[in-house]
Amino acid sequence: VKKYYPDVNDLALLHEFVPAKNIGELVKLIGKDLADTDFYVKFDEIIARYVFPLLPSDALVQKFGNIRITVPNQDKTGTVLPFHQGKWVGNGLGMRTVWLPFTDAYDSNSLQIIHLDASRLITKQCLEQDWSYEEFQETCNRVCRPVNIKEGQFLLFTQEHIHGAVPNTTGKTRMSIDVRILLRDGQPHRKWPGAYFRILGDTDIQSRSITISDDQNVV
């Protein structure tokens, strides 16, 4: 971040130095720049040490993580991530998501998530009763809970967990990265090994071309 905005010394105060209209472009720049550092080497060490022991089998890792920046009052200056499930956006049920904030994440600046059983029930009712988009979002807003974790902690969740965001009223920016994990023999849906995933430790990606997809630019 300091490469583009040298005055930023605290990511939680990033919004004081970066205009809201520039957040999307900054997300793209950071996503590309990370491949030219040892970030993914360090990230793989975290995955191997803390995440893989929680999984039922070994796994592949998403090649490039998705950087997210949620600034205060982003509902007035940009967008708020709608509630959804990973399986609705091309993620197979054999995948897990690692969500790792670079700042403290709490209350309205954090990811909002719904318990797995409740997510499945809401999905069932949504389909059976043919809910509108507004009905679905209103229901999720009523039952979601914020992921309150500190910098250095992470959340591991499935593609059936409904999650999204609410307007950030904390006055602090939250920056995070989310990376998908594909379990051995797990169903990938549209995210295929070799194209979307890599073997853990295969971090020689500096010389490869990088394509930042739309879902990697959510502010």
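Arginine 68 is buried, with a relative accessible area of 12%. Buried means under 20% relative accessible area, exposed means over 50%, and partly exposed lies in between (1.4 Å probe, protein chains only). The model is predicted, so local features need pLDDT of at least 70 and side-chain atom pairs count only at pLDDT 80 or more, while totals for chains, interfaces and linings use all residues. Residues are numbered from 1 along each chain as its sequence is written, and side-chain values use heavy atoms, with hydrogens and water left out.

What does the side chain of arginine 68 meet in a salt bridge? The partner is aspartate 178, at 2.6 Å from N to O. A salt bridge here is a side-chain nitrogen of Lys or Arg within 4 Å of a carboxyl oxygen of Asp or Glu. Arginine 68 lies in strand 2 (residues 66-70) and aspartate 178 in strand 8 (residues 174-183), so the pair ties together parts that are 110 residues apart in sequence. Strands and helices are DSSP runs, numbered from the N terminus: a strand (E) has at least two residues, a helix (H or I) at least four.

Aspartate 178 is buried too, at 4% relative accessibility. Its contacts go further. Arg68, Asp178 and Arg180 are linked in a network of salt bridges. The C-alpha atoms of aspartate 178 and isoleucine 67 are separated by 6.8 Å, yet these residues are 111 apart along the chain.

Methionine 95 gives another such pairing across the sequence. This residue is found in strand 3. Methionine 95 is buried, with a relative accessible area of 0%. Its C-alpha atom is separated by 7.2 Å from that of glutamine 187, which is 92 residues away along the chain.

Now turn back to salt bridges. How many does a search of the whole structure find? The search finds 10. One of them joins the side chains of aspartate 104 and lysine 150, at 3.9 Å from N to O. Aspartate 104 lies in the loop between strand 3 (95-101) and strand 4, and lysine 150 in the loop between strand 5 and strand 6 (155-158), so this pair ties together parts that are 46 residues apart in sequence. Aspartate 104 is partly exposed, with a relative accessible area of 34%. Lysine 150 is exposed, at 53%.

A further salt bridge sits within a helix. Lysine 124 forms it with glutamate 128, and the closest N and O atoms are 2.7 Å apart. Both residues lie in helix 4 (residues 116-129). They are 4 residues apart, about one turn of the helix. Lysine 124 counts as partly exposed, at 46% relative accessibility. Glutamate 128 is exposed, with a relative accessible area of 56%.

Next comes a sheet. Strands of a sheet pair through backbone hydrogen bonds, either parallel or antiparallel. Two strands count as paired if DSSP finds at least two bridges between them. Here an open sheet of 3 strands has the order 5-4-7, with antiparallel pairing. Which strands form the edges? They are strand 5 (145-146) and strand 7 (163-164), and each pairs on one side only. Strand 4 (residues 112-113) is joined to strand 5 by 2 bridges, and the two run antiparallel. Glutamine 112 stands opposite proline 146 in strand 5.

The surface also carries charge. Asp130, Glu134, Glu135 and Glu138 form a negative patch there. Patches are made of residues with over 30% relative accessible area and no salt bridge; like charges are joined within 9 Å, and nonpolar side chains (Val, Leu, Ile, Met, Phe, Trp, Tyr) within 5 Å. Glutamate 135 is found in helix 5 (residues 133-143). Glutamate 135 is partly exposed, with a relative accessible area of 38%.

Last, look at the backbone in two loops. Phi of asparagine 73 is near 55°, a positive value in a residue other than glycine. Asparagine 73 is found in the loop between strand 2 and helix 3 (74-77). At 36% relative accessibility, asparagine 73 counts as partly exposed. Aspartate 107 also has a positive phi, near 50°, and is not glycine. The place of aspartate 107 is the loop between strand 3 and strand 4. Aspartate 107 counts as partly exposed, at 43% relative accessibility.

Definitions and conventions. Areas by Shrake-Rupley, 256 points an atom, 1.4 Å probe, with all protein chains shown as cover. Lys, Arg positive; Asp, Glu negative; His and termini not counted. Charge placed at Lys NZ, Arg CZ, Asp CG, Glu CD.
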